[in-house]
Amino acid sequence: MVDPFIYCNPTKVYFGHDAMSHIHEELPRWGKNVLLVYGGGSIKESGIYDKVVDEIRKAGVSAYEISGVKPNPELPLAVKGARFCREAGIDLILAVGGGSVIDTAKVIAGSALYEGDPWELVKSRAQISRALPLLAIPTMAATGSEMNSCAVITNPDTHEKLGWTTEALRPKVSFLDPKNTFTVPPAQTAFGSADILSHILEVYLNRAEGFDAMDGFMESMMRSVIRWAPLAMADGANEEARANLLWDSEWAINDLIDRGHSVSWSCHALEHELSAFYPVPHGLGLAILTPAFMEYVLNEDTAPRLARFAARVMGVKEGKNEMKTARKGIKKLRKFFRKALSLPGSLSEIGMDDALFEDMAAHAMAWKGEDGILHGFSPLTEEDLLAIYRKAL
């Protein structure tokens, strides 16, 4: 049986080459004092910053800035931003950048109206009733944060990387122009594409009853990423490739494909600890861990689903032996990450050893159920997580 669910995604999306020209129309509808949040100098070098500032002037609103968001966003900047919002009377946030920037802006928006410690809100996954309205301009196809209600942030003091999901964090409006992703370097394009694939796989690898049409939709999106990611890496200005990846990233994690059954996010639980302890790009960590996870959980119960993935996504010829077909699919996925996306295939290749694996596995169990098991495609214990880390080494 499909689990009962409610689906509503009220984020308004402007998509295409004129998307940013609507910023000045939307800003006054949501506030008068806007905080612009971004990372480093890339949006200034690309000209995106100047376009945004021009739109802010047209809107006639007052603007302030906070910059310096890191690729793996950290809590202190969000704490600083929330405090500034209260002191300066900020009533609207505009995030310009990748998922790290948008996630930081979400934590600012969600904690600015509360006097308590923002980390307590994140750690308790507080279901807050209100937040500052957030508008987003993504500059990379990856997390899909511009159309969902989740933020992921790291506390560098405790080495905890946690997700905070509550409806109040969902952006009100997002402006998606594929041209804003033209300057994303090949490596970052690869990381983002691996992230998109993982978002879909976390839902797709599920043994619960679901919707056949949705399975087909997920398979189509995964084939799309596999087709367009290498083309975007080869030619950053390939607008068709960039547009497809950007739209894939939205639908991979905007709450549509996971309706009707629970999702454990097993690979993300593993990777969040990886990038909480080491400066590893999130997408790279997922590209290394995902094939190791798939190999580890392959058994008679999981083989049918993995064999379907192999045949319908990776193009493996279906055979009577589902275990064999599944293994071929995993092998082709690993080859895609290594050859087509030019990503390292093991943790040792990026200079890691097993020194912190036990700590990482213990932290990852924060995602477990009350019975001490990380439920999902295959039930996992802390020992299983440790074995997957070692398998990825």
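Helices (H or I, at least four residues) and strands (E, at least two) are taken as DSSP runs and are numbered from the N terminus. The model is a predicted one, in which local features require pLDDT of at least 70 and side-chain atom pairs count only at pLDDT 80 or more, while totals for chains, interfaces and linings use all residues. Residues are numbered from 1 along each chain as its sequence is written, and side-chain values rest on heavy atoms, with hydrogens and water left out.

In the loop between helix 14 (357-364) and helix 15 (382-392) lies Glu370. With a relative accessibility of 91%, Glu370 counts as exposed, where buried means under 20% relative accessible area, exposed over 50%, and partly exposed in between (1.4 Å probe, protein chains only). Glu271, by contrast, belongs to helix 10 (residues 266-277) and counts as buried, at 0% relative accessibility. When neighbours within four places in sequence are left aside, the contacts of Glu271 (heavy atoms within 4.5 Å) are Lys161, Val280, Pro281, His282, Gly285, Leu286 and Leu289.

Helix 4 (residues 75-88) has 14 residues, which at 1.5 Å a residue should span 20 Å, and its end C-alpha atoms are 20 Å apart, in agreement with that value; the expected span is 1.5 Å times one less than the number of residues. Leu75, Leu77, Ala78, Gly81, Ala82 and Cys85 are the residues of helix 4 that are buried. Seen down the axis of helix 4, these buried residues fall within an arc of 160°, so they line one face of the helix, the arc being that of the directions from the helix axis to the C-beta atoms. The cover over the buried residues of helix 4 includes strand 2 (33-37), strand 3 (62-66), strand 4 (92-97), helix 5 (99-111), helix 6 (118-123) and strand 6 (150-155). After helix 4 comes Gly89, with a positive phi near 70°.

Val69 is placed in the loop between strand 3 and helix 4 and is buried, with a relative accessible area of 12%. Apart from neighbours within four places in sequence, Val69 is in contact with Val37, Tyr38, Gly39, Leu77, Ser100, Val101 and Thr104. Between Val69 and Gly40 there are 29 residues of separation in sequence and 7.0 Å in space, C-alpha to C-alpha.

Helix 7 (residues 186-204) and helix 9 (residues 239-252) have axes that come within 9 Å and cross at roughly 35°; axes are lines fitted to C-alpha atoms, for helices over the stretch in contact, and angles run from 0 to 180 degrees between N-to-C directions. Thr189, Ser193, Ile196, His199 and Ile200 of helix 7 meet Arg242, Leu245, Asp248, Ser249 and Ala252 of helix 9. By class, this contact has four nonpolar, four polar and two charged residues, where Ala, Val, Leu, Ile, Met, Phe, Trp, Tyr, Cys and Pro count as nonpolar, Asp, Glu, Lys and Arg as charged, and the others, Gly among them, as polar.

Most residues other than glycine have a negative phi. Arg125, a residue other than glycine, has a positive phi near 50°; Arg125 lies in the loop between helix 6 and strand 5 (134-138) and is partly exposed, with a relative accessible area of 37%. Trp265, also not a glycine, has a positive phi of about 55°. Trp265 is placed in the loop between helix 9 and helix 10 and, at 18% relative accessibility, counts as buried.
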